[in-house]
Amino acid sequence: MRLLGILFFASLLSIDPSKISKVNKLKSEAKKAYLAGDMKTAIEKYQFLIDSLHVDEQEVAMNLANAYFNVNDTTNALNKYQPLSVSGDSKINSWANQQMGVVANRQGKFEEALNYFKQAMKAEPNNEQARYNYEMVKKKLNEKKKQEQQNKDKNNQDKKDDQKKDQNKDQKDQDKKDQNKDKKDQKDQKDKKDQQNKDKKDEQKKDQKDKQDQKDKEQKEKEQKEKEQQQKEQEKKDQQNKNDKNKPDPQLSEKLKEMKISEEKAKMILEAMKNQEVQYLQQNKRKATKPKDKGKPDW
């Protein structure tokens with residue numbers, strides 16, 4: 001006990017009175033700036049107290065964290081709240097967890113925010129602000145889950161509708177293909193039938209032409225035969241006439257007998273007379289025609 005008293009007395013002697021005065025002055029200035037809303041000045045003075053004067057007080061650290069929170073510097077605020085959230089002081093512990101829950105809520109981390117608010121109420125059951133925030137975020141989280149479920153249901157319904165549309169489209173496409181196939185089959189059948197009719201007509205025309213050609217051929221052969229028959233008859237007739245002509249005339253034979261001239265000699269005489277007549281005609285053609293007298297009339 002005596003030893004503890006000696007140590008306490010020694011610690012008091014080691015404290016610099018001027019430093020205590022400076023710390024108290026900076027605390028007062030920082031608090032005044034904080035209450036006036038001058039967070040920049042408050043942060044500078046609280047940070048100087050911790051970093052330069054090595055003040056290790058939870059109230060100073062909490063005020064610095066709150067100052068960072070008020071200027072929306074969430075990174076530094078969370079860094080200062082984090083060690084305070086496990087403090088043995090229930091009020092400081094509850095407030096640090098509550099503020100961390102507020103930051104998480106602003107970032108949309110609702111489940112994380114709920115956990116911080118739970119810790120705040122656990123440390124300080126009378127923290128009504130933490131309780132209010134907890135109920136508010138819980139409601140918001142339920143609404144979010146409900147909205148997500150609705151969106152999920154809507155997406156599922158949209159997928160079903162899209163699948164149904166796709167099925168209907170596929171069915172329509174298949175029906176259209178079937179209709180086109182039926183039309184094509186009908187057209188092919190019609191074209192085939194038309195071709196068969198055309199082939200049949202062409203065959204009939206060909207048969208008719210062949211029959212007509214055959215008929216014309218037979219008629220031509222018949223005419224040819226008739227012509228040949230007529231020609232033979234004419235030749236026969238001409239031969240008969242020739243024979244009749246060459247046949248000696250009985251009266252002529254009698255006269256030739258009277259004249260004592262044979263038929264062969266008579267033929268020779270006639271042939272000579274013919275030759276003389278031909279020569280006479282040829283000579284007359286060669287003689288020049290005498291020109292007419294211009295002074296005399298044509299008559």
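A residue counts as exposed when its relative accessible area is over 50% and as buried when that area is under 20%; values in between are termed partly exposed. These classes are applied here to a predicted model.

N72 has a relative accessibility of 56%, and is therefore classed as exposed. N72 sits in the loop that links helix 4 and helix 5 (74–84). Its phi angle is near 65 degrees, a positive value in a residue other than glycine.

H54 also lies in a loop. This loop runs between helix 3 (39–51) and helix 4 (58–70). The phi angle of H54 is near 55 degrees, which is positive although the residue is not glycine. The relative accessible area of H54 is 60%, so H54 is exposed.

S94 belongs to helix 6, which spans residues 90–106. Its relative accessibility is 1%, so S94 is buried. The S94 side chain comes to 2.7 Å from the backbone oxygen of A120. A120 is also among the residues that S94 touches.

A nonpolar patch occurs on the surface. I269, L270 and M273 form this patch, and together they have about 290 Å² of accessible area. I269 is located in helix 10, which covers residues 263–286.

How values were computed
Residues are numbered from 1 along each chain as its sequence is written. This is a predicted model: local features need pLDDT of at least 70, side-chain atom pairs count only at pLDDT 80 or more; totals for chains, interfaces and linings use all residues. Side-chain values use heavy atoms; hydrogens and water are left out. Patches are made of residues with over 30% relative accessible area and no salt bridge: like charges are joined within 9 Å, nonpolar side chains (Val, Leu, Ile, Met, Phe, Trp, Tyr) within 5 Å. Accessible areas come from the Shrake-Rupley method with a 1.4 Å probe; for residues, only the protein chains shown count as cover. A salt bridge is a side-chain nitrogen of Lys or Arg within 4 Å of a carboxyl oxygen of Asp or Glu. Helices (H or I, at least four residues) and strands (E, at least two) are DSSP runs, numbered from the N terminus. Buried means under 20% relative accessible area, exposed over 50%, partly exposed in between (1.4 Å probe, protein chains only). A polar contact is a pair of N or O atoms within 3.5 Å; within protein, one must be able to donate a hydrogen and the other to accept it, and residues adjacent in sequence count only if both atoms are side-chain atoms. Contact means heavy atoms within 4.5 Å. Lists of a residue's contacts leave out its neighbours within four places in sequence.
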